[in-house]
Amino acid sequence: MIDLRSDTVTRPTPAMRQAMLEAAVGDDVFGEDPSVNALEEKMASMFGMEAAIFCPSGTMTNQIAIKLHTQPGDEVICHRLSHVYNYEGGGIAFNSGASVRLIEGNTGFITAEEIKENFNNPNDPHKPLTSLVCLENTANRAGGLVFSLEQIRPVAAACKELGLALHLDGARLFNALVVTQDTPAAYGATFHTISICLSKGLGAPVGSVLLGTKEYIRKARRIRKVFGGGMRQAGSLAAAGIYALDHHIERLKEDHEKAQAIKRTLEQCSWVKHMQPVASNIVIFHYDTAKFNGKGLDEVLKAHEILAISLAPGQLRFVTHLDISDAMMEKIENTLMLL
């Protein structure tokens, strides 16, 4: 099977498995796992932030951050396409007791003007207190769109002016960085907290890291414990993350090139109705459902041993990653052209 459902399906490379096998381990809940400590220190240093915490998933790091920055009854501003709203099980309400103010549009981005327009007057007792803005880079549901720090800085300035915390869901941030050439440290200087996923394009099997101040991360350790996210001998997983950071960042460009190749193929298919801009490793497009006699294109492709995600009727997503070989790409392109 050629699996284009997500970049979460990657398997550790042989060299990554060796690093995992050789990892020094200890009890991370006691702060005694040397590999976890090394990963956290490495990530904090890379982004110029004071501290970091290793967690099982990006959902957990996002949800911890939201809980850090809000009180029950507060309101979070995020885009209607954002992962924190669509794909985290209603966690903003369940975990933090906060409501959500959704920003419309198809880009996945929130502007400074939109933040100011949707900020609630804190002196009006009828409305929840606006306390947090969440951005996502790259924007998954917007087709993996990439945003530069030049675009983000006005948002950060608006948040500072209004006294709002600014969190980044950077699940695929390194995909954005290899495009924009912005530095991790510049991101660390812009956001209060940043969530980085190691198990997507970077290819580690499990884990995400939350970055912030020492005080934020001290509180985050307590929240992680409450969420059931305290891991014991997690060093083998942390070692995979360290290996990914050392070896798998620059190669993300290869995934982007493969996504562009798929885009070019789809542009030649008469049954493709509309395609979202392709900026990184995600390809989202709408297709003519009549072409496939009422079947979803994901079902049709599965019969050809290609897996993809259906986002809605007539809408499909492909995600390229390090397990997609050149031979697989040839089969994908030939299959699409023959449908």
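# Notes on a predicted model

Biologist: Where does Arg251 lie?
Modeller: Arg251 is in the loop that runs between helix α11, residues 235-247, and helix α12. Keep in mind that this is a predicted model.

Biologist: Is Arg251 buried or exposed?
Modeller: Buried. Its relative accessibility is 13%, and the cut-off for buried is under 20%, so Arg251 counts as buried.

Biologist: What does Arg251 touch?
Modeller: Setting aside residues up to four places away in sequence, Arg251 touches Gly201, His321 and Leu322.

Biologist: OK, on to α12. What does that helix pack on, once we know the sheet? Start with the order of the strands.
Modeller: The sheet is open and has 4 strands, in the order β9-β10-β13-β12, with antiparallel pairing. Its edge strands are β9 (272-275) and β12 (309-312), and each of these pairs on one side only. On average, and ignoring direction, neighbouring strands are turned by 35° against each other.
Modeller: Helix α12, residues 252-266, packs on this sheet and touches β9, β10 and β13 (315-319). The direction of α12 makes about 15° with that of β10.

Biologist: How many bridges join β9 to β10?
Modeller: There are 3, and the two strands run antiparallel, with β10 covering residues 282-287. The two strands form a hairpin, with 6 residues between them.

Biologist: Which residues stand opposite each other there?
Modeller: His274 stands opposite His286 in β10. Another case is Val272, which faces Tyr287 of β10.

Biologist: How many residues of β10 are buried?
Modeller: 5 of its 6 residues are, which leaves the strand mostly covered.

Biologist: Change of topic: aromatics. How many aromatic pairs does the structure hold?
Modeller: The structure holds 8 of them. One of them is Phe47 with Phe174: the ring centres are 6.0 Å apart and the planes stand at 70°, so the pair is edge-to-face.

Biologist: Where do Phe47 and Phe174 sit in the chain?
Modeller: In distant parts of it. Phe47 belongs to helix α2 (residues 34-47) and Phe174 to helix α8 (residues 173-180), and they are 127 residues apart.

Biologist: Which cluster are they in?
Modeller: One aromatic cluster is formed by Trp271, Phe285, Tyr287, Phe292 and Phe318.

Biologist: Back to loops. Where is Ile324 found?
Modeller: Ile324 is in the loop between β13 and helix α14 (326-338). With a relative accessibility of 3%, Ile324 counts as buried.

Biologist: Last topic, helices. At what angle do α3 and α10 pack?
Modeller: Helix α3 (residues 58-69) and helix α10 (residues 214-226) pack at about 115°, and their axes are 10 Å apart. Their crossing is right-handed.

Biologist: Which residues make the contact?
Modeller: On α3 they are Met60, Ile64, Lys67, Leu68 and His69. On α10 they are Tyr216, Lys219, Ala220, Ile223 and Arg224.

Biologist: What does the contact of α3 with α10 have by class?
Modeller: By class, there are 6 nonpolar, 1 polar and 3 charged residues.

Key: Residues numbered from 1 in each chain as written. Predicted model: local features only at pLDDT ≥ 70, side-chain atom pairs only at ≥ 80, totals over all residues. Heavy atoms only, no water. Pairing = 2+ DSSP bridges. Axes fitted to C-alpha atoms, helices over the stretch in contact; angles between N-to-C directions. Contact = heavy atoms within 4.5 Å. Buried < 20%, exposed > 50% of the residue type's maximum accessible area, 1.4 Å probe, protein only. Left-handed = near helix turned anticlockwise from the far one by under 90°. Nonpolar A, V, L, I, M, F, W, Y, C, P; charged D, E, K, R; others polar. Phe/Tyr/Trp six-rings, centres within 6.5 Å; stacked < 30°, edge-to-face > 60°.
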